[in-house]
Amino acid sequence: MKLVILDSITTDRNHLIVFLERYFQKRLIDFSLHEYSLHKNMFEHENFQCEKLPCCFINLSETEQSGLEIGLKIREMNRDSIIFFTSNSPQYAAEAYRMQADGYFLKPIQIKELEASLDKSLKNINFIYKKIQIRSDYITMNIPLKDIIYIEVFNKTCIIYTKQKTITSSISLSELEDRLKKEGFLRCHKSYLVNMNFIEEYNNYGFFLTNKQFIPISKRERLKHRETHLNWLMKSLTD
């Protein structure tokens, strides 16, 4: 995810950078951060049309109206852009929200307020950027969730099957389930945790994945797991 900060005040810009780095690192979300003091330089270096999901923080300083125009220009270039405004005055808050800004924050920025707004804006879209940190063979790895097809436990070792490779770890499957169950992963069997994004079809005995792998379903909770997958599928289609 590309983060773009436009603020002519260096101390305010640095304060925001520190928070954003902590926020995205804590959530293991990939990001690149770009800071500018002048909007002219920003538009010379950034092509918002090419970005899948730019997240912009625009300060409304002495020229408040031009800051709103900058945000509108970015939104016109990329309708999926996330736009937050920061300001010393609440004067233009109503106008900012009329142009569907994702947030309007008075300085000094309240971290909890900004964090809540980021959580809300990224709730349904951060999966493609998110990673999970795993210890494997004395090496700490950050694995993109979108690349994990399924996870299997064998002889107390978790085997993580990704699009590119297989990774082993001593972490328990129960711990992985706790960390991933809100991210579209289903514990459909005592030995398996499956990424529902890769389920292609199913029968009474298990799921068939897009890579043709068959994952068994626990007999006692067969209907529950199929219902969970169906509910997830319907939700993903409407988001």
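Let's start where two helices cross: helix 1 and helix 5 form a right-handed crossing. The model on your screen is a predicted one, so please keep that in mind as we walk through it.

**Stop 1: two helices**

Select residues 10-26 for helix 1 and residues 111-122 for helix 5. Turn the view until you can look along one of them. At what angle do helix 1 and helix 5 pack? The angle is about 50 degrees, and their axes are 12 Å apart. Angles under 35 degrees count as roughly parallel and 65 to 115 as roughly perpendicular, with the range in between called oblique; helix 1 and helix 5 are therefore oblique to each other.

Now show the side chains where they meet. From helix 1, pick His15, Leu16, Phe19, Leu20, Tyr23 and Phe24; their partners in helix 5 are Ile111, Leu114, Glu115, Leu118, Asp119 and Leu122. Colour this contact by residue type and you will find 9 nonpolar, 1 polar and 2 charged residues.

**Stop 2: the sheet beside them**

In what order do its strands lie? The order is 2-1-3-4-5, and the pairing is parallel. Strand 2 and strand 5 (103-106) are the edges, each pairing on one side only. From one strand to the next, the twist averages 15 degrees.

Zoom in on strand 1, residues 2-6. On one side, 5 bridges join strand 1 to strand 2 (residues 32-36), and the two run parallel. Click leucine 3 and you will see leucine 33 of strand 2 opposite. Strand 1 is also joined by 4 bridges to strand 3 (residues 55-60), again in parallel. Here leucine 6 stands opposite isoleucine 58 of strand 3.

Helix 1 lies across strand 1, strand 2 and strand 3, and runs at about 170 degrees to strand 2. Helix 5 lies across strand 3, strand 4 (82-87) and strand 5, at about 165 degrees to strand 4.

**Stop 3: two backbone details**

Select lysine 107 and proline 108. What kind of peptide bond joins lysine 107 and proline 108? The bond is cis, with omega at about -5 degrees. Proline 108 sits in the loop between strand 5 and helix 5.

Then move to glutamine 100, in the loop between helix 4 (93-98) and strand 5. Glutamine 100 has a positive phi of about 65 degrees, although it is not a glycine.

**Stop 4**

Finally, look for the open sheet whose 5 strands follow the order 10-9-8-12-11, with antiparallel pairing. Its edge strands are strand 10 (166-169) and strand 11 (185-189), each of which pairs on one side only. Ignoring direction, neighbouring strands of this sheet are turned by 20 degrees against each other on average.

Pick out strand 8 (residues 148-154) and strand 12 (residues 192-195): 3 bridges join them, and they run antiparallel. Across this pair, glutamate 152 stands opposite tyrosine 192 of strand 12.

Definitions and conventions: Residues numbered from 1 in each chain as written. Predicted model: local features only at pLDDT ≥ 70, side-chain atom pairs only at ≥ 80, totals over all residues. Heavy atoms only, no water. Axes fitted to C-alpha atoms, helices over the stretch in contact; angles between N-to-C directions. Parallel < 35°, antiparallel > 145°, perpendicular 65-115°, else oblique. Left-handed = near helix turned anticlockwise from the far one by under 90°. Contact = heavy atoms within 4.5 Å. Nonpolar A, V, L, I, M, F, W, Y, C, P; charged D, E, K, R; others polar. Pairing = 2+ DSSP bridges.
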